[in-house]
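Hi,

Here is the structure I promised to send over. Have a look, and my notes on it follow below.

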Amino acid sequence: MIGVLNLTPDSFSDGGRFMARDRALEQARHMAEAGAHLLDVGGESTRPGAAAVDVDEELERVVPVIEMLATDLPLPISVDTSKPEVMQAAIAAGAGFINDVRALRAPGALEAAAQLRVPVCLMHMLGEPRTMQSDPRYDDVVTEVRDFLGERLQACVAAGISRDRVILDPGFGFGKTTGHNLTLLRQLHELLGLGCPLLVGLSRKSLIGALTGAPVEQRLAGSVALAVMAAWSGARMVRVHDVAETVQALRVHDALRYGVEH
Ligand code: 7PJ
């Protein structure tokens, strides 16, 4: 269970409420107590239409918060970035995981991740956040996402990143229509053959709005339902805003599925 801590003033679902660092710490503690296993800290908004952030601004948003969380909380921290400079500074500040929505395609990112020797999540995105939701098209979304992730996994291995440090993510909502998202979730098991754990982010996403009409602040039930269905379909990690509610739902799922009691 990955808790999302957004440090972007324009993050679509938190609206910048956690911009202030003490609020970030408070929110992080809350997610830790609620049962998060990892906190994902990001300083670049990747919501549809969002503009790029320059490296100094991203460092300024992310590094002090990671330093603070790493000393204050017993949880590992993930940095949500595509920039090699931010990866390096975040790991030096105490992060232990890289979450890259661009799957280490930025110049220098593969090399930086290889050098840092931390686990990395490679996500599929068609296009760039600014334009990705304007008429995304695939011949076969599942095959194209799977082939992309397979190619990026190979690029990691060729760069010296051990495959057991790679996590893969189909990138729900990143250059995908509602139909594409539903097809990918329905056929999520087809990505398991790549041999890496799968991470999914569905929490509060527009897919839920498209299916139900619910505005972003009213998508809790849909988010929890999708987390359970993703887990059922083979996702090993879910990236969520509402940690306590998702933990409860996944405990029930795990007990039913595996017979485990936590
Ligand atoms: C995702 C992400 C996701 C991974 C965001 C949001 C948009 N990283 N970063 N997977 N989504 N790995 O929080 O809704 O789905 S930002």
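Leaving out neighbours within four places in sequence, Leu104 is in contact (heavy atoms within 4.5 Å) with Met87, Ala109, Leu110, Ala113, Val120, Leu122, Arg152, Cys156 and Ile161. This is a predicted model, so local features need pLDDT of at least 70 and side-chain atom pairs pLDDT 80 or more, while totals for chains, interfaces and linings use all residues. Residues are numbered from 1 along each chain as its sequence is written, and side-chain values use heavy atoms, with hydrogens and water left out.

Leu104 is buried, at 2% relative accessible area (buried means under 20%, exposed over 50%, partly exposed in between, with a 1.4 Å probe and protein chains only). Its phi is near 60°, a positive value in a residue other than glycine. Asp135, not a glycine either, also has a positive phi, of about 60°.

Now the ligand. Thr46, Asn99, Asp169, Lys205 and Arg239 come nearest among the 14 residues around the ligand (near means a heavy atom within 4 Å). By class, that shell has six nonpolar, four polar and four charged residues (Ala, Val, Leu, Ile, Met, Phe, Trp, Tyr, Cys and Pro count as nonpolar, Asp, Glu, Lys and Arg as charged, and the others, Gly among them, as polar). A polar side-chain atom of Asp169 sits 2.6 Å from a ligand nitrogen. On the oxygen side, an N or O atom in the Lys205 side chain is 2.6 Å from a ligand oxygen atom, and a polar side-chain atom of Arg239 is 2.8 Å from an oxygen atom of the ligand.

Cheers

Technical notes. A polar contact is a pair of N or O atoms within 3.5 Å; within protein, one must be able to donate a hydrogen and the other to accept it, and residues adjacent in sequence count only if both atoms are side-chain atoms.
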